[in-house]
Amino acid sequence: MNNFLQFFSQGENIAFAVFAVCIISGAIFMINFTKVVHMVLSLAFTFISLAGLYILLQAEFVAFVQVLIYAGAISILMIFGIMMTKHQTEEEQPKRPMHSLFLLIGVIGLLGILFYAIQNAPFPAPGNFQPGESNTQAIGELIFNQYVIPFELISVLLTVAFIGAIILAKREDE
């Protein structure tokens, strides 16, 4: 109890807790809403809350990019995409309790594997990042000099995930 009160005695920790609650609640609302527009709005709320967390971590450039690209561009693009396509409400499928049980077991198993992997992974020491006056220049130099291969691998992974999402979306239409 004393650690809990000590944790919330600092303003940064209170702000972190508020942003964390906003992020988690936005994600939960996004999953539980049935109307797609409401889902996109709650997703934008989550992105903006993430930007606040980045500002708290003194990563202003990442926060700016988060708001500009994710909260702004992607959310607007999703809303335009929803409005321009033929969006029809589908009948709710009957609940399958065994499917939900297997899904819960799978999620718990995946979380356990991820927790074990993160706990046992040897993380390298952070690079010598000097935030200085030009935060953006320092980030760019690190990305394109020291971390260019992981950066390119992530971009390939995101492209593959995007193509997979398109293929899955096309299957649902058929």
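Analyst: The UniProt record, an unreviewed entry, places the feature "transmembrane region" at residues 14–33, 40–57, 63–85, 97–118 and 147–169. UniProt positions follow the numbering used here, feature names are shortened, and such annotations may be inferred rather than shown by experiment. The model is predicted: local features need pLDDT of at least 70, side-chain atom pairs count only at pLDDT 80 or more, and totals for chains, interfaces and linings use all residues. Residues are numbered from 1 along each chain as its sequence is written, and side-chain values use heavy atoms, with hydrogens and water left out.

Two of the annotated spans can be described by their secondary structure. Residues 14–33 are 95% helix and 0% strand, with 28 Å between the end C-alpha atoms. For residues 40–57 the figures are 94% helix and 0% strand, and the end C-alpha atoms lie 26 Å apart. Helices (H or I, at least four residues) and strands (E, at least two) are DSSP runs, numbered from the N terminus. The protein chain as a whole has 7 helices and 0 strands, in the order α-α-α-α-α-α-α from the N terminus.

Now the rings. A pair of aromatic rings is described by the distance of the centres and the angle of the planes. Rings of Phe, Tyr and Trp (its six-membered ring) pair if their centres lie within 6.5 Å; planes under 30 degrees apart count as stacked, over 60 as edge-to-face and the rest as tilted. The count by this rule is 3 aromatic pairs. One of them joins F47 and Y70, a tilted pair with 5.3 Å centre to centre and 50° between the planes. F47 belongs to helix α3 (residues 36–56) and Y70 to helix α4 (residues 60–84), so the pair ties together parts that are 23 residues apart in sequence. F47 is buried at 14% relative accessible area, whereas Y70 is partly exposed at 36%. Here buried means under 20% relative accessible area, exposed over 50%, and partly exposed in between (1.4 Å probe, protein chains only).

Another pair, F144 with F151, is edge-to-face, with 5.5 Å centre to centre and 70° between the planes. F144 is exposed, with a relative accessible area of 53%, while F151 is partly exposed at 36%.

For the whole chain, 14% of the 174 residues count as buried. Among contacts (heavy atoms within 4.5 Å) with a separation of 6 or more, 45% are between residues 24 or more positions apart.
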